Amino acid sequence: MVAKTLFGFEELLAEELKKLGAQDVKPGVRSVTFYGDKGFMYKANLCLRTAIKILKPIETFKVFNEKDLYKGVYRMHWDKYLSADQTFAIDATVHSDRFSHSQFIALKTKDAIADKFRNIEGKRPNVDLKFPDLRIHVHIQHDRCTISLDSSGRSLHQRGYKTATNIAPINEVLAAGLIMLSGWDGQSDFMDPMCGSGTILIEAAMIACNIPANINRKEFAFEKWSDWDVDLYEKIEDAALNKTREFHHKLLGYDKAPSVVKKAKANVKEANLSDYISIKHEDFFKTRKSGEEHLHMVFNPPYGERLDIDMEAFYGDIGSTLKHGYPGTNAWFITSNLEALKHVGLRPSRRIRLFNGKLESKLVKYEMYAGSKKAKKQKIEE
Ligand SMILES: C[S@@+](CC[C@H](N)C(=O)[O-])C[C@H]1O[C@@H](n2cnc3c(N)ncnc32)[C@H](O)[C@@H]1O
């Protein structure tokens, strides 16, 4: 199978897959390939935090032109996966000199499947781009075409706990990956000082308690497959839920917008995590760390989507709040405003290149030592 992910998360996803029990795990670019059976496919969809979707390849063949594509798709036994009364949709990705337009590839594939049904059964399944019964993925790499079934359906970042969103919620897969890259293991207090709709806190709580990432999700595409095995799925879900653990530290979120705080609380409630996460209406720049315990911080500050904020001063305030108010803290944040980042005034000990959607971003780490006003000089690791 192929698990797709975000740029920079390939190794994290490979680790997740190995821990879940996948065989022959190989990281690629924005993807990881692995072997597993049907039960493992259910488990991967349910449990992986850094996967966007899981594709199950069903056929590969060589393609030199569009006729080869049509013939290759036509030859397949589509009645194993789809009936004429059902609906389907095609996604295509192309990395080849011979083919350039992925939409054209999707169209040709659709034609071949529809013609096959029409010629054999006299009727054909319809296309439904939004809620298809079967989502098919065509991938052309040079002269190799792989046809896969998309076992996830809508992207796996749609965990199902978000009822309320603010203007710039972070993608759940990105949030989980940032926390994992930051090395947080649930063994200290955790804070998101600009928590927005609460995504980072919710993902952190699920990591700390080992709660399957997609336990609240409404549906997976495989539930509509002809080989859907509800008993097997329930066994896998029960086994995953048996591995949850207690969390004995605090998860704290601040946001200075009262309406956003309300939304974050609603999402935390929807995720059944109100016992673990507290959210307060606070301006981070007016706060101080309470207690001596080590604190781990992960957040995504505004990057300048609103023109009324002086971003350079804002990032300067992040730096001085951390320096003066948060000793004994490892603070990580992601931003795509690389200019404003220079105004934090502290030396990052890590800088990791990632993407927030299409925006190239940096995940940075600042280590604030307890009992020392000056941040120690640290080696910059790229
Ligand atoms: C990019 S959003 C964070 C999105 C969040 N991670 C989510 O998933 O919804 C930045 C948030 O920072 C908040 N914010 C801006 N300045 C702040 C400050 N001084 N103190 C606390 N929150 C602040 C904004 O209200 C906004 O909700």
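**The sheet and the domains**

Trainee: What is the strand order in the open sheet of seven strands?
Mentor: The order is E11-E10-E9-E12-E13-E15-E14, and the pairing is mixed. Keep in mind that this is a predicted model.

Trainee: Which strands stand at the edges?
Mentor: Those are E11 (277-281) and E14 (350-356). Each has a single partner strand, so one side of each is left without a neighbour in the sheet. From one strand to the next, the twist averages 20°.

Trainee: Okay, and how do E9 and E12 run, parallel or antiparallel?
Mentor: Parallel: E9 (residues 189-192) and E12 (residues 295-299) are joined by three bridges. Phe190, for example, has His296 in E12 as its bridge partner.

Trainee: Which strands does helix H6 touch?
Mentor: H6 (residues 199-208) packs on the sheet and touches E9, E10 (251-255), E11 and E12. The direction of H6 makes about 175° with that of E10.

Trainee: Switching topic, what does the domain assignment give for the chain?
Mentor: Domain 1 covers 2-150, and domain 2 covers 172-212 + 221-368. Taken over C-alpha atoms, their centres are 32 Å apart.

Trainee: And how many residues of each domain are in contact with the other?
Mentor: It's 20 residues of domain 1 with 22 residues of domain 2.

Trainee: On the side of domain 1 that touches domain 2, where does the largest share come from?
Mentor: From helix H2, with seven residues. H2 (38-47) and strand E7 (134-141) each supply at least two.

Trainee: How many residues on that side are nonpolar, polar and charged?
Mentor: There are 11 nonpolar, three polar and six charged.

How values were computed: Residues are numbered from 1 along each chain as its sequence is written. This is a predicted model: local features need pLDDT of at least 70, side-chain atom pairs count only at pLDDT 80 or more; totals for chains, interfaces and linings use all residues. Two strands pair if DSSP finds at least two bridges between them. Helices (H or I, at least four residues) and strands (E, at least two) are DSSP runs, numbered from the N terminus. Axes are lines fitted to C-alpha atoms, for helices over the stretch in contact, and angles run from 0 to 180 degrees between N-to-C directions. Two residues are in contact if their C-beta atoms, placed from the backbone, lie within 7 Å. Domain bounds come from an automatic or database domain assignment. Ala, Val, Leu, Ile, Met, Phe, Trp, Tyr, Cys and Pro count as nonpolar, Asp, Glu, Lys and Arg as charged, and the others, Gly among them, as polar.
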